Every structure is written in C-alpha cells, then in structure tokens.
Amino acid sequence: MNIQIGGYFAEPQRRAAYAYYEPRFKAGKCPPGLAKKHNGCMPPGQAKKWRMGSPLPHDVVYYPVPNSVAVQIGLPPAGYKYVRVAADILMIAVGTSMVVDAIEDLGRF
C-alpha cells in the first residue's frame, strides 16, 4: 500500500476523532490555566514540534490512541500506528516514526 504524506485521513476519520475527543476537552480534562489558552492543553513551550513527512522528534511526548478511536477511524495500515501528541492524532511509520498524516487540533472547541 502506497501512503501519500498528508493523504491518508479523510473527513469521516476527522469527524470520528473529533466526536470522541470533543466531550473530553469540553469536560475540562485539562488544567484551568491551559484550558483557557485554547491550544489543546499544551503546556507552555510545547508548541507543535512535529512536521508532516519528518520523523517525530525524540523529545516529543506522545500517547497511544485508544482502541475505540482507532476502530472508528479505521485501523492503521501494516507498518503504521496512531499516536496522540497534545491535541493532534498522528499516523506515524513504526520503524522511522515519520509523520505520515495528522488530524489536528482536537481541542478546537
């Protein structure tokens, strides 16, 4: 399967991801000081450090995407995985951690 940089996620996947994360961000799952910044609960100094088509920097903290979200947006192709960085879901290559596509700004509400 040939995956184009920035060409994997489509509108249905974006809607499914936003539907899962919207209530969590609105429910205040973010410290009050960060919530009012409207930047996806990103701590100061943690501005977007990843770039599409480049490996995820080693100092970027990422979290697994819950299985229920992965199923809703479609399991990643073999050799790829989904991770959440701040308020973004990234699809990265397993061996190189190259960022292939993203659903950005889940905390935009």
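Colleague: Let's start with the rings: which residues form one aromatic cluster here?

Modeller: Tyr8, Phe9 and Tyr82 do. Before we go on, note that this is a predicted model, in which local features need pLDDT of at least 70 and side-chain atom pairs count only at pLDDT 80 or more, while totals for chains, interfaces and linings use all residues. Residues are numbered from 1 along each chain as its sequence is written, and side-chain values use heavy atoms, with hydrogens and water left out.

Colleague: How do I read a ring pair, and how many aromatic pairs are there?

Modeller: A pair of aromatic rings is described by the distance of the centres and the angle of the planes. Rings of Phe, Tyr and Trp (its six-membered ring) pair if their centres lie within 6.5 Å; planes under 30 degrees apart are stacked, over 60 edge-to-face, and the rest tilted. That rule gives three aromatic pairs. In one of them, the centres of Phe9 and Tyr82 are 5.7 Å apart and the planes meet at 35 degrees, so this pair is tilted. Phe9 lies in the segment before α1 (11-26) and Tyr82 in strand β2 (residues 80-85), so the pair ties together parts 73 residues apart in sequence. Helices (H or I, at least four residues) and strands (E, at least two) are DSSP runs, numbered from the N terminus.

Colleague: Are Phe9 and Tyr82 buried or exposed?

Modeller: Buried means under 20% relative accessible area, exposed over 50%, and partly exposed in between (1.4 Å probe, protein chains only). Phe9 has 5%, so it is buried, and Tyr82, at 6%, counts as buried too. Another pair joins Tyr20 and Tyr21 edge-to-face, with 4.8 Å between centres and 80 degrees between planes. Both of these tyrosines are buried. Over the chain of 109 residues, 37% are buried.

Colleague: Now the strands: in what order do they form the sheet?

Modeller: Two strands pair if DSSP finds at least two bridges between them. Four strands make an open sheet in the order β1-β2-β3-β4, with antiparallel pairing. β1 and β4 (99-103) stand at the edges with a single partner strand each, so one side of each has no neighbour in the sheet.

Colleague: Which residues can I follow across the sheet?

Modeller: Two bridges join β1 to β2, and there Pro64 stands opposite Val83. β2 meets strand β3 (residues 88-93) over six bridges, with Val83 opposite Leu90. The hairpin of β2 and β3 has two residues between the strands, and Ala86 in the turn has a positive phi of about 50 degrees. Four bridges then pair β3 with β4, where Ala102 is the bridge partner of Leu90.

Colleague: What packs on the sheet?

Modeller: α1 does, touching β2, β3 and β4; contact means heavy atoms within 4.5 Å. Its direction makes about 60 degrees with that of β4 (axes are lines fitted to C-alpha atoms, for helices over the stretch in contact, with angles from 0 to 180 degrees between N-to-C directions).

Colleague: And how many salt bridges are there?

Modeller: A salt bridge is a side-chain nitrogen of Lys or Arg within 4 Å of a carboxyl oxygen of Asp or Glu, and the count is one. Asp59 forms a salt bridge with Lys49, with 3.5 Å between the closest N and O atoms. Asp59 and Lys49 are 10 residues apart, in the loop between α2 (32-35) and β1 (63-64). Lys49 is partly exposed, at 36% relative accessible area.
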